[in-house]
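User: I would like to go through the terms used for this structure and see what stands behind each one. Please set the values against the definitions.

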Amino acid sequence: MNAPPPAGSTLRPVRIAGTGAYAPAHVLTNRDLEKIVTTTDQWIVERTGMRERRIAAENEAASDLGAEAARRALADAGMAATDVQLLLAATITPDYPFPNTGCIIQSKIGARHAFCMGLEAACSGFVYAVETARHFIATGTVENALVVGTEKMSSILDWTDRTTCVLFGDGAGAAVLRPAKRGRGVVASALGSDGSLSDLLLIPAGGSRRPTSEATVAAREHYLRMNGREVFKHAVTHMVRSARTALHRAGVVISDVRWIIPHQANMRIIRAVAERLGVPLERFVINVERYGNTSGASVAIALDEAARDGRIRDGDLVLMLVFGGGFTWGAMLLEWEKGS
Ligand code: UT7
């Protein structure tokens with residue numbers, strides 16, 4: 001099994017010092033979707049728990065949503081954009097194939113001293129990005145990092161496919177990372193991937209394997225495709241397993257955890273994870289009914305909501321659980337320490 005980190009580790013503990021989120025104004029309800037594809041409000045609510053989702057305006061790209069979430073996270077942390085040293089943007093709906101969306105956000109918010117990159121781990125993106133960024137701080141390479149999860153999922157949905165288009169929404173969340181002062185910050189994490197299952201959730205064309213052509217456009221291969229049933233099973237299994245691994249690495253038990261923030265893909269997935277972990281749903285942060293699945297932004301938005309409304313308090317253990325295309329999955333346990 002996974003051993004706890006060796007005593008005397010020289011890594012600095014890293015905390016989340018500020019959060020922010022942004023969701024576009026336009027609300028698309030289940031009733032609205034009934035007019036677009038053959039579906040019903042009842043089916044969507046029963047099978048997913050979703051009631052509405054936000055849809056970005058035509059002139060709003062992932063970087064616009066991400067920049068607003070980033071500004072709010074910086075304000076929350078009391079930090080100027082010019083002080084940001086690393087800007088890491090997780091997205092599967094980048095403004096462009098390149099340059100990376102981190103660079104676009106940098107220029108929008110004026111984080112001119114940061115080095116910027118993108119990270120692609122689908123719905124696991126935010127946790128993967130926090131885990132990556134925290135190592136730059138833990139090793140002393142930088143003093144802070146701004147991590148953004150941002151998605152304009154509406155731009156990659158096939159609005160003629162009822163099995164996918166009802167499930168996703170647009171939005172962004174961000175977090176400022178800094179060295180912890182009093183507590184342990186990120187206590188433990190457990191990330192994993194299985195690339196052999198990549199064809200269960202993907203956009204088939206538009207990359208180097210199937211470059212854009214008239215044929216790929218005609219076959220609607222530039223839209224997200226998902227085998228929902230298979231994804232569902234793996235999501236539950238791996239979110240539960242990675243939770244257990246992270247808890248083991250931290251040397252704590254699930255009852256020590258105050259809040260669990262799961263990827264908001266489906267209320268039934270969240271319920272299954274809660275049952276298997278033996279945790280009442282009241283200890284889960286859930287907003288899937290209002291945003292749908294915002295992929296790499298989902299956990300970041302939920303974290304920001306729970307931090308702002310006072311649910312998460314200093315000293316609380318918070319467990320983020322994610323699963324997404326790749327497949328990728330992961331758990332991250334934090335000891336909450338806001339303060340400046
Ligand atoms: O973020 C990345 C991770 N993504 C996920 O975790 C998503 C995981 N998967 C899921 O959440 C669920 O599998 C879905 C919500 C996608 C589907 O729920 P399900 O209970 O697995 O339904 P199903 O795919 O087995 O479909 C059941 C029926 C089918 O009809 P038949 O074949 O039984 O006649 C579908 O055609 O529901 C039908 N259906 C719909 N009916 C009304 C599928 N989509 C819709 C729809 N409205 N939007």
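User: Which residues come nearest to the ligand, and what makes a residue count as near?

Analyst: A residue is near if one of its heavy atoms lies within 4 Å of the molecule. There are 22 residues around the ligand, and Thr39, Arg47, Arg229, Asn266 and Asn293 come nearest. This is a predicted model, where local features need pLDDT of at least 70, side-chain atom pairs count only at pLDDT 80 or more, and totals for chains, interfaces and linings use all residues. Residues are numbered from 1 along each chain as its sequence is written, and side-chain values use heavy atoms, without hydrogens and water.

User: Why is Leu74 called buried?

Analyst: Buried means under 20% relative accessible area, with exposed over 50% and partly exposed in between (1.4 Å probe, protein chains only). Leu74 has 4%, so Leu74 is buried.

User: How do you know that Lys152 has no salt bridge?

Analyst: A salt bridge needs a side-chain nitrogen of Lys or Arg within 4 Å of a carboxyl oxygen of Asp or Glu. Lys152 is buried, and the nearest side chain of opposite charge, Asp170, is 6.2 Å away. A polar atom of the Lys152 side chain does lie 2.9 Å from the backbone oxygen of Glu60.

Key: Lys and Arg count as positive and Asp and Glu as negative; His and the chain ends are not counted. A polar contact is a pair of N or O atoms within 3.5 Å; within protein, one must be able to donate a hydrogen and the other to accept it, and residues adjacent in sequence count only if both atoms are side-chain atoms.
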